Amino acid sequence: MRRRVESLLVERDGFSQSKAETYHASGDSPTVAMPALSAGIGKKLGRYLILNSLGAGGMGVVYRARDEKLERDVAIKVLSAGLLVNDEARRHFRREALALAKLNHPHIAAVYDTGEENGIDYIVMELVEGESLAVRLRRGQMDAKEASLIALQVSEGLEEAHEQGVIHRDLKPANIVITPKGRAKVLDFGLAKLFSQGNAGLSVTDVQGVMGTPAYMSPEQALGKKVDARTDVWSLGAVYYESLAGRPPFEAQSGLGVMRAVVDAPLVPLREVRPDAPREAEQIAARALEKDADRRYQTAAEFTQATQDLLAKLSGSVVPVAPGKSGRLRMVGVMLAIATLISVAGIWIYRWATERRWARVEAIPQFQSLMDSREPLAALEILRRAEKALPNDATLKQFAAEKTENIAINTDPQGATVEVQDYLFPKSAWLALGTTPLANVRLPQGYYRWRVTKAGFEQMVVAPDTNGRMTFSLAEQQKAPAGMVYVPAASWGSYIAFIGWVGPYKLPSHFVDRFEVTNREYQKFVDGGGYQKTEYWPAEFEKDSRKLSRDEAMAMFRDSTDRSGPSTWTAGHFPEGQADYPVTGVSWYEASAYAKFAGKSLPTMAQWYEAAPPDEADYTVPESNISSNSAAAVGTYQGVGPFGTYDMVGNAREWVANMVDGDDRLILGGSWMSPNYLSMSPEALSPYDRAAGNGFRCVVNTAPLPTAVTGPIRRVSRDFSKVKPVSDEVFRAYGLLYAYAKSPLNAKEEGVVHETADWREEKVSFDAAYNGERMSAYLFLPKRAKAPYQTVVFFPSARVMFLPPNSNELGDVKFFDYILQSGRAVIYPVYEDTYERRMKYSLPGGSQNITMTTDWYKDVSRSLDYLDTRPDIDHKAMAYLGVSMGSAAGVIIVPLLQDRLKTAIFLDGGYFLDAAPPGGDQADFAPRIKIPVLMVNGRYDYTFPLDKAQNPLFQMLGTPPDQKSHVVLDTPHDVTEQRTVLVKTTLDWLDRYLGRVD
């Protein structure tokens, strides 16, 4: 459930613009110490006579030299020792360099030759007279016309290079020279790729500056992703922005900080920095600096067109001279006729030109915007319109080929009408694709609802993954029992959270209920004596290792009036008006008994996840009844699955057949009250559990299931009885990973965000402890108590990862609102990777990746630093409260901060069961916690199981036995299902260790 920060490039001196390599002839390069050249000034490399040095950088030293054969001056770059480590690397380097020599454009400095002499590798290039753009910008920003003209010339050079398949990868002001005649020349074209490919085993961090300069890197380049020509468009946008603004678009105190800003920070609009800049210039820069490459100018040609249009406007338009007065009368009739023809033709030409310009400049960004908002069919209309305007445009054709796919569609029987609809817009119009068989149906890559109809057959509405060959079997669906959908035989396997890889299994074809079993359907079971008929129930039951008679077990399956029936019913009947709601409040045994009564079975875990793939949760969750206030009639929500099932996410969580962790049973999909992440993550409960959210659906199997499919589920595990915490010496070394330099907070109070009868919520911001970032925190102050306030630092659960990127609407408030009502304050930091601080990149490493944990520790520490500045906070009465993710992280955070905390409370927490990295293993930290600790957990928590994750943590806590408590509630992962007990337990603990608030 966590994403992690991806490793960024190692920060090196070579990233510094002040050390940027130059090889033009103005002598304006920075003064640096030149490595000794064995040939020496006045000596020769091949046919080149070394005249004088021009500059140096990460790749080597640049000299002016004389080509004695062609009698011309050149720039010769002598490569740093070690760049090319063997003969094969040199041969590859030479081939690539000579390929660059084929570039021929007035705005590109040419590559002439390469060579090697006495162990010295060098490359020969055109010597460009003039000064670099970097030097020009030291004298101040440019006017709009000058900056746009330079950008236009550079983009024209990019056009030529990109057509030849060459990407610059390190475009920046230091690599652009302005000649005495005002012509721009781009240096070092393709050298970044040349060096990365020319030396086997050379990584992006092995050559300083070769793979880009942070201030001008595109986000995809900063993240180490594959780049294309659009990365140069970004760099040109950064150069253009700096030329007008007098500063780069993204700045920070270090190269690494700049890269983080490039990836995450919003662009400051150009006109905020340069108010007199033309609005069109601001738009050009903003478009070129779109972080998503698909929203950027897709080609340098588009950038060229935009700057040409701006320059035409800045230069003014030509106005024709009117004829003399004596000639006007003679010409008037002719002019009127001509004017009429011109008007009609002009309108048509204008519209034609306007549509072509729209197709060339605006269509692709509009297409991508619709794809980003998950409206692929609306995007398809944009593409079709653009293709009509530019039927032969190569760029558009390439884009269409990348973003769409041709699909063959067939049905059994043929002759069915097929329609599609954008999945997240179930009220939108259906797009008719035609009558089967269909070939080469073009659709954007996306997730759709499919509707298939044919006279005499039941209509099919399904949402399978789109692939090159789609097949829909109306005939098999026609055989399905009433209310069920057909699932064809298939090989199935998947990665399931907290379980690991499952399968692959060969699942036979089967039928599954379209909806959850309803109250109306279950009433037939009750009225038909289902609870009394022994054939539906086991002959013997077992609970807590004790054998139960059938009568003892059946006594537990009673409603609120002690009649046979679900726990949510009264007098043996479902609530009024809820006939079509899912039946809830049933145990696993009751669900199994009903399935036998109906001639069906409970699905296995594999069958359930096959019908509700976790990979589609981003689509099904928004269209399902999860994290809401109440259940709904089945089918009310439109979260349809690949085979036509509904409500597998939310509404009622659904029992499946498999045992897990002893005698517990899996229950999947979450209920209407569950956090969103339980749509994908499994839960496990006692088969006797009859909580209000428990429901089910059934299957009919057409063949026996493999034993591996029906057998017990085994999850990943870790034996903590064999874990030995690291020594104190090693632990002190780990502390260096979490250390940070104390610096001014530069705190800013940003006003009241929300206010209730019980508390006031204030937003504050201050400098984070890393990467030059700012972070926000929300301080909740109680109204029914007097300052100074006891204060709780809150860390939320992973459910906030599914919330919109706006911390003004915080999640998990239900976990601490009662603390505010008790008269205590709560501070809720906006942690790294939550809300507006969400990361766009990740690292592998499991649930305990240390990269994020160290940042989270610093977020808590800086929040405490801020609280220390507030006179209305009682600095001697501080507590930590973490929920789930926050509890797991708290096991590491609390021992590092316990000199500033009085107590810690861990809700829904425990040890992670996967492998942990050095310095991030909870088992190394838990024994070092000495302050009082309260743990509150669910007995049936599958995320942090009682015996494997909760008890080992509690037992290993270094807190004195009389100052730690583990309260286990009869709930799954979310202990707020027993809110009354949770509230009393937590407040009693805070009263005990912080003091009662009057």
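Phe-597 is partly exposed, with a relative accessible area of 30%, whereas Tyr-594 is buried at 8% (buried, under 20% relative accessible area; exposed, over 50%; partly exposed, in between; 1.4 Å probe, protein chains only). The model is predicted, so that local features require pLDDT of at least 70 and side-chain atom pairs pLDDT 80 or more, while totals for chains, interfaces and linings use all residues. Residues are numbered from 1 along each chain as its sequence is written, and side-chain values use heavy atoms, without hydrogens and water.

Aromatic pairs are rings of Phe, Tyr and Trp (six-membered ring) with centres within 6.5 Å, classed as stacked for planes under 30 degrees apart, edge-to-face over 60 and tilted for the rest. By this rule, 52 aromatic pairs are counted. In one of them, Trp-588 and Tyr-589 are arranged edge-to-face, with 5.3 Å centre to centre and 80° between the planes; both Trp-588 and Tyr-589 are buried. Tyr-594 and Phe-597 form a tilted pair, at 5.8 Å centre to centre and 50° between the planes. These two residues are separated by about one helical turn because they lie three residues apart in helix H18 (residues 588-597); helices are DSSP runs (H or I, at least four residues) and strands likewise (E, at least two), numbered from the N terminus.

A charge sits over a ring if NZ of Lys or CZ of Arg is within 6 Å of the ring centre and within 35 degrees of the ring normal. The charged end of Arg-374 lies over the ring of Tyr-619, 4.6 Å from its centre, and that of Lys-543 over the ring of Tyr-688, 5.8 Å from its centre.

The protein chain comprises 28 helices and 36 strands. Of its 998 residues, 56% are buried.
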